[in-house]
Amino acid sequence: MSKFAVAGGTGRLGRHVVDVLTEQGHQVVSMSRATGVDIITGERLAEALTGVEIIIDVASWHASEQEAATEFFRTSARNLHEAGRKAGVSRIAVASITGVDGATSGFGAAKKLHEELHLSEVLPVRILRAAQFHEFIGQMLDWQQGDVAYIPTWPSQLVAARTVAEELVDLAIAPDAPSPAAPLPEIAGPRQQTLAEAARLLGARRGIKVVGIDNPDLPDAEYAANGGLLPGPHAKLAGPTFQEWLDAQP
């Protein structure tokens, strides 16, 4: 049994990471402003990391603006490494995004820098890149008002947040780190579909008409439309599919 700290432990992915660790019998400290730990200001961070062996960083910025997201990731990475080093943490495992190495603007570019910042810091880092979550589709519908939603026709291989959490925990606790010469580990779902196709399935349940769009004004739209969000050939593919996941929702 090890002691873990999960940065962003009450978020969409973080709560699944906490559940997986707890089910495996590990001690878990969930770090978020909701639990009184702020990885940006440093409030109660040192206290939270007392006795922690491994940090899992799934904290994320809540909006897509590149500048604000970049500042969040820059500060959080620095604080986690500094406080983690002082606490005797052995390593940090980080969740990232499939295809982010090709991002040039928006949230993707901020997340790309987040990877670079972690890798340049003092503690050893393991990164898992994940495709867009099944849960992301609902968020995209929530962002729009009315009974019609306009969703990009970008191809993806959506994956369940719980599946990502399981893979990230496995990566974090593995005795050996991935080879530095190998591509970064990736996890994605088993079926390729566009974001708009998945959104139509959920929209039908919510009474929302989904219209697929090709919006060149979105950050890295051409890159995403050309398959930039798809996993590489080395990626691990794991279910459930979006339809299977949707059918299991209450």
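In this predicted model, the mean positions of the 21 positive and 30 negative charges of the protein chain lie 3 Å apart. The accessible surface of the chain comes to about 11700 Å². Carbon and sulfur atoms account for 51% of that surface.

The fold was examined next. The protein chain holds nine helices and 11 strands. Its radius of gyration is 18 Å, close to the 18 Å that the globule rule gives for 250 residues, so the chain is as compact as a globular protein of that length. Along the principal axes, the C-alpha atoms fill a box of roughly 50 × 35 × 35 Å. Buried residues make up 50% of the 250 residues. Contacts between residues at least 6 apart in sequence were also counted, and 81% of them join residues at least 24 apart.

In soluble globular proteins, nonpolar side chains tend to be buried together. Here, the largest nonpolar core has 27 residues. Within this core, L13, V17, I56, V58, V164 and L168 touch the most other members. Several elements supply at least two residues each. Among them are strand 1 (3-7), strand 3 (54-57), strand 4 (91-97), strand 5 (125-130) and strand 8 (186-188). Helix 6 gives the most, with seven residues. A second, separate core has 23 residues. Its members include A7, V52, L80 and I92.

Leaving out residues up to four places away in sequence, V164 touches L13, L128, A130, F133, V159 and I187.

Helix 1 was then considered in detail. Its buried residues are G14, H16, V17, V18, V20 and L21. What covers them includes strand 1, strand 2 (27-31), strand 3, helix 5 (134-142) and helix 6. H16 belongs to this helix. Its relative accessibility is 17%, so H16 counts as buried. Beyond its neighbours within four places in sequence, H16 is in contact with E135, A161, R162 and A165. After helix 1 comes G25, with a positive phi near 90°.

T163 sits in helix 6. At 10% relative accessibility, T163 is buried, because the cut-off for buried is under 20%. T163 touches I187, A238, G239 and P240, not counting residues up to four places away in sequence. T163 and A238 are 75 residues apart along the chain, yet their C-alpha atoms are separated by 7.2 Å. Two of the residues touched by T163, G239 and P240, are joined by a cis peptide bond with omega of about 5°. P240 lies in the loop between strand 11 (236-237) and helix 9 (242-247).

Two residues other than glycine have a positive phi. For R44, phi is near 60°. R44 lies in the loop between strand 2 and helix 2 (45-48). With 42% relative accessibility, R44 counts as partly exposed. For D220, phi is about 55°. D220 lies in the loop between strand 10 (209-213) and helix 8 (221-228). Its relative accessibility is 17%, so D220 counts as buried.

Methods:
Residues are numbered from 1 along each chain as its sequence is written. This is a predicted model: local features need pLDDT of at least 70, side-chain atom pairs count only at pLDDT 80 or more; totals for chains, interfaces and linings use all residues. Side-chain values use heavy atoms; hydrogens and water are left out. A nonpolar core is a set of buried Ala, Val, Leu, Ile, Met, Phe, Trp, Tyr and Cys residues joined through side-chain atoms within 4.5 Å. Buried means under 20% relative accessible area, exposed over 50%, partly exposed in between (1.4 Å probe, protein chains only). Helices (H or I, at least four residues) and strands (E, at least two) are DSSP runs, numbered from the N terminus. Contact means heavy atoms within 4.5 Å. The radius of gyration is taken over C-alpha atoms; the globule rule is 2.2 Å times the number of residues to the power 0.38. Accessible areas come from the Shrake-Rupley method with a 1.4 Å probe; for residues, only the protein chains shown count as cover. Lys and Arg count as positive and Asp and Glu as negative; His and the chain ends are not counted. The place of a charge is taken as NZ of Lys, CZ of Arg, CG of Asp or CD of Glu.
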